[in-house]
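The sequence and structure come first.

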Amino acid sequence: NKNFKESFHVVFPTFRKRINDTRGSFAIRIKDILDLKINGNKFNETLKTIKLNGFININTKIDNINISKKILCSNSFKGIIINYKLTNNSIENKDIIINNKNNVIDIDENYFDKRYQVNIYLSDNKHLINNQFLNFTLKSHETKEFDIVILCKYIDETIDENTKIDILNRKKFL
């Protein structure tokens, strides 16, 4: 029926469950990253296309809004970037609320005696923002772009990477 549900099984090979256990990479499954509402209502995504070309490209549709997702592994930090483009194909403006549901997942394990965690950030296509919500009006035939970043880091580590540069570097590499 083309109803689209996504979950991510992310493996972080540099974070191991035990020292020198090369098969014991830390992995986590994350479901329901975003809660997206259009004019206050939640809709199911309808799958249009999936394409692999050095990125994972997923195109879906919700209530006359096309959603384009481009997924890639980061080269500058331990994580993945999900680049979203929302395009309003209707003649009406749409109020969009995006809720990042799982912004911090604490891990009960240590890596070389250091605690680590999985963080899920929203990004304004430049820098990570410590906000769980994006709220904006998507005008008729307008496109809005943002990123979701899933990364694993030490609890005391700070990360402020430019996701746009990561995406451009991946394109250059390909």
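Is Lys-69 buried or exposed? Lys-69 is buried, at 1% relative accessibility; buried means under 20% relative accessible area, exposed over 50%, and partly exposed in between (1.4 Å probe, protein chains only).

This is a predicted model, in which local features need pLDDT of at least 70 and side-chain atom pairs count only at pLDDT 80 or more, while totals for chains, interfaces and linings use all residues. Residues are numbered from 1 along each chain as its sequence is written, and side-chain values use heavy atoms, with hydrogens and water left out.

**Count**
- A salt bridge is a side-chain nitrogen of Lys or Arg within 4 Å of a carboxyl oxygen of Asp or Glu; by this rule there are six salt bridges.

**Lys-69 and Glu-6**
- The closest N and O atoms of Lys-69 and Glu-6 are 3.3 Å apart in their salt bridge.
- Lys-69 sits in strand 8 (residues 65-73) and Glu-6 in the loop between strand 1 (3-4) and strand 2 (7-16), so the pair ties together parts 63 residues apart in sequence; strands (E, at least two residues) and helices (H or I, at least four) are DSSP runs, numbered from the N terminus.
- Glu-6 is partly exposed, at 22% relative accessibility.

**Lys-42 and Asp-35**
- Lys-42 and Asp-35 form a salt bridge at 3.1 Å, N to O.
- Lys-42 is exposed at 54%, whereas Asp-35 is buried at 14%.

**Lys-164 and Glu-145**
- A salt bridge joins Lys-164 to Glu-145, with the closest N and O atoms 2.8 Å apart.
- This pair links helix 1 (residues 163-173), which holds Lys-164, to strand 15 (residues 143-154), which holds Glu-145, across 19 residues.
- Lys-164 is partly exposed at 30%, and Glu-145 is partly exposed at 24%.
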